[in-house]
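Reader: I would like to go through this model and ask what stands behind the terms used for it. Please set each value against its definition.

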Amino acid sequence: MLTERSARVVAAVKLHRHAARKREQRFLAEGPNLIEAAVAHGLVIEIFATESAEQRHHDLLVSAQAPVHLVTDRAAKALSDTVTPAGLVAVCRHLETDLQALLAAGPQLVAVAVGIGEPGNAGTLIRIADATGADAVVLTGNSVDPYNGKCLRSSAGSIFNVPVVVAADTDAVLTALREAGLQLLATALDGELSLDDADSVLAAPTAWLFGPEAQGLPESAAGAATHRLHIPMRGGAESFNVAAAAAICLYQSARVRRRA
């Protein structure tokens, strides 16, 4: 028969699966940096720590004001999805983010991930959006769950700083963005406008559309764009990866906004 602590570990381990995270509206944050960010936003429900991790991060665990369960290294490994477990994992509640409520607030800059299924790219996009002052990130199509462990780590805690919306219906998302007064911008190698010459375009409220590296944006999404822009390149590379392209485009938008 499972002890209460073992039962809690078993329940937490299930949160490695997307279906369980969606059903429970909870996720796992591993390591002191992510947990500290989750604590700052009041999202931590409970924490599992090995004895050594509890000693190293005593102040953090006290500040969390959440139940702390001491676990074995074996249990910590089961709770982890990294090669080298940190020995410190928190069960956290999802942030509540609604697309319509977000759009009602009048965002000026939004990053939209269309079908980005690679967790590292999605997490990096969230981090870039946070760093450039974007008002929100929308994950649509078959994009990865933002509470995937690798996505969380790649976001470096930025997922707690910028609203992240998950909405599967891409057409509905793009329609809602347009109706909220946002232009839709996409990058394309044959884009009619150079990003270098786009300041007047970037001055308007903008939703940038980013697709997966291998396939790029789906034709329907690319076709919905108000403008298609190309990023000037002088070397021999064919293109930028999605994270690099997002950093360039969002930074350019942020630069124009700062000067407005």
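Author: The model is a predicted one. A place to begin is strand 6 (residues 136-140), which 4 bridges join to strand 7 in a parallel run.

Reader: What makes strand 6 and strand 7 a pair?

Author: Two strands pair if DSSP finds at least two bridges between them. Strand 6 and strand 7 are joined by 4 bridges, so they pair under that cut-off. Within this part of the sheet, Leu139 stands opposite Val166 in strand 7.

Reader: Which sheet do these strands belong to, and what is its strand order?

Author: They belong to an open sheet of 7 strands with parallel pairing, in the order 7-6-5-10-8-11-9.

Reader: Why is strand 7 called an edge strand?

Author: Strand 7 pairs on one side only, as does strand 9, and these two are the edge strands.

Reader: Which helices pack on or lie across these strands?

Author: Helix 8 (residues 119-131) packs on the sheet and touches strand 5 (109-114), strand 6, strand 7 and strand 10. The direction of helix 8 makes about 175° with that of strand 5. Helix 13 lies across strand 5, strand 8 and strand 10, and runs at about 170° to strand 10.

Reader: Ser194 is in strand 9 (residues 193-194). Is Ser194 buried or exposed, and how do you know?

Author: Buried means under 20% relative accessible area. Ser194 has 11% relative accessibility, so Ser194 counts as buried. Beyond its neighbours within four places in sequence, Ser194 is in contact with His230 and Pro232.

Reader: What makes strand 2 and strand 4 a pair, and which helices touch or cross them?

Author: The cut-off is at least two bridges. Strand 2 (residues 44-49) and strand 4 (residues 88-93) run antiparallel and are joined by 5 bridges, so they pair. Ala49 has Leu88 as its bridge partner in strand 4.

Reader: What lines the largest pocket?

Author: The largest pocket, with a volume of about 570 Å³, is lined by 23 residues. Nearest its centre lie Thr187, Ala188, Leu189, Gly216 and Ser239. Strand 8 (183-187), strand 10 (206-210), strand 11 (227-230) and helix 13 (242-259) each give two or more residues to this lining. By class, the lining has 14 nonpolar, 7 polar and 2 charged residues.

Reader: Why is one space called a cavity and another a pocket?

Author: In a cavity a 1.4 Å probe fits but cannot get out, whereas a pocket is an open set, so the two terms are kept apart. The structure holds 1 cavity of 30 Å³ or more, and the largest cavity has about 40 Å³ of space. Its lining consists of Leu95, Thr97, Pro146, Tyr147, Ile159, Val162 and Val164. That lining has 6 nonpolar, 1 polar and no charged residues.

Terms used: Residues numbered from 1 in each chain as written. Predicted model: local features only at pLDDT ≥ 70, side-chain atom pairs only at ≥ 80, totals over all residues. Heavy atoms only, no water. Buried < 20%, exposed > 50% of the residue type's maximum accessible area, 1.4 Å probe, protein only. Contact = heavy atoms within 4.5 Å. 1 Å grid on protein atoms, 1.4 Å probe; cavity = no way out; pocket = protein on both sides within 12 Å on 5 of 7 lines; lining within 4 Å. Points joined across faces, edges and corners; volume = space filled by probe spheres on them. Nonpolar A, V, L, I, M, F, W, Y, C, P; charged D, E, K, R; others polar. Axes fitted to C-alpha atoms, helices over the stretch in contact; angles between N-to-C directions.
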